[in-house]
Amino acid sequence: MTTQVDLVIRAGRVLTMTPRDHVIEDGAVAIGDGRILWVGPSVECEYTGEREISAPGSVAMPGLVDTHTHVGAHFFGTLCDEENVITAVYDVWFPMELEWDHDSMYAASCLGIWDALRNGVTTVANDQYHAQAAAEAADRLGIRALISREINEFSADPTPRYDRDALRYDIEFDRGRAEEGLAENLQLIADWKGHPRVTPCLGPHAPDLLSGEMLQRIAAEAERYDCKMLMHIAQSQAEIQQIRERSGLDGSLVYLDELGVLGPRVQGHHMVWLSDAEVELAASSGMGISWTPTIMMSCQSFARIDDLLRAGARVGFGTDCFSMDMLEEFRYAIYAANFVRGLRSGYRLGALDLVEMGTARGAECLGLSDQIGTLEAGKLADVILVDFDDPLIIPATNAFESLVYRAKGANVTHTIVGGTIVYESGKLLLADELELLEAGRRFARAWIGRSRDLLARAGVLDRIEPAYLAGVRESGSGG
Ligand SMILES: [Zn+2]
């Protein structure tokens, strides 16, 4: 006697991630009402699915959790990539993001979320302006998302200027801007609270880009609305310098602790420039940490990942504004960590550590470990299938090693969020791909057109091909 359910997946291997290295050969996952009903060896499965997926050459595993993204930043393309990103943030990113509006951010966010889903990412923690647009895009394309509205207090007129020789910048605060950002963020919470997949959060950008008073107010709101704060922390030497000048304290984390802001509600992205005491504080505070090695390498820096893990900190993986192919990013991460940090301390990060950071630990960071991150009965059915019948992956002697050293996002064949298949065999299922591409091209062109003068000032215009610029002129710069 078998029980009929919505979906049954049979895969050559099922990685439950609980315990973390558990592999079920010829496994099955039964799904009903958006949740996992049963996981175990296929021969013992007493469920039949209204839909059945049989993938003997594939691995079924928890959907990947990307703990730090800006899905709308797909519109920057490569505009920030040839420079040290820290410089590009001041010269290009801060001024150019003021030229966004809701519709262009929606078009950009759809591209970013599409990229996430096709790479097996089922959850993002996303921070950006026009957060309503990101939430709408997440709702439409079917991804699970924590979404915050990035709140800044620095003056937008002009935005802070960076002195690349002195590794510092000057900042002027504009309380009105921060108030406006907070009000928009609170509206986002009011609008999306209770949504099954979109969880609104607060987005204080970084300890140096807001006043201490504002940081404390946002932390109080996070308490009141019982939500996470997505915050960039210790991302540059310029930030630490600002904090020192402002507070006399030696680091962003001690500063946040002194303000009473630090705690489990904080999801700290990057966390590179930490003192020994702050590494301990990162662990003892119960905060979540997004390890984002690729973007930090582009800033010529690298987090103390070995020390953070040894101290017992909660570390998840983040791709920031880069490709959302987490499997490929794992590869950069493991080679770089074992080179940069391994050379210093003999530490060796393993493939299993990366897969765990990308699933169960990522979920734990975001406060979602009772819902996602592992394949267990009762959890939400966020599941992906990764095809190991691939010339690069065979013989696949170890599933975790094959995922980290060999697989790419292109090997992901199915992305399932809350029991709904949202991406299958190269296709987005809940949105029209051609429509998203067309809107993406059109809005990006108009946005780059509006930003022409500042791109010229930042010396980036010379890197844009003449044919593209001609198109920008034709499409006008008015929007
Ligand atoms: Zn970021």
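In α15, the residues G440, F443, A444, R445, A446, W447, I448, G449 and R450 are buried (20 or more other C-beta atoms, placed from the backbone, within 10 Å of their own; 12 or fewer is exposed, in between partly exposed). This is a predicted model, where local features need pLDDT of at least 70, side-chain atom pairs count only at pLDDT 80 or more, and totals for chains, interfaces and linings use all residues. Residues are numbered from 1 along each chain as its sequence is written.

Q: Why is R118 called buried?
A: R118 has 20 other C-beta atoms within 10 Å, and the definition asks for 20 or more, so R118 is buried.

Q: How do you know which residues R118 is in contact with?
A: Contact needs C-beta atoms, placed from the backbone, within 7 Å. Leaving aside neighbours within four places in sequence, G409, V412 and Y423 are in contact with R118, which is found in helix α2.

Q: What makes up the contact between domain 2 and domain 3?
A: Here 16 residues of domain 2 are in contact with 13 residues of domain 3. On the domain 2 side, α2 gives the most, with 7 residues.

Definitions and conventions: Contact = placed C-beta atoms within 7 Å. Helix = DSSP H or I, 4+ residues; strand = E, 2+ residues; numbered from the N terminus.
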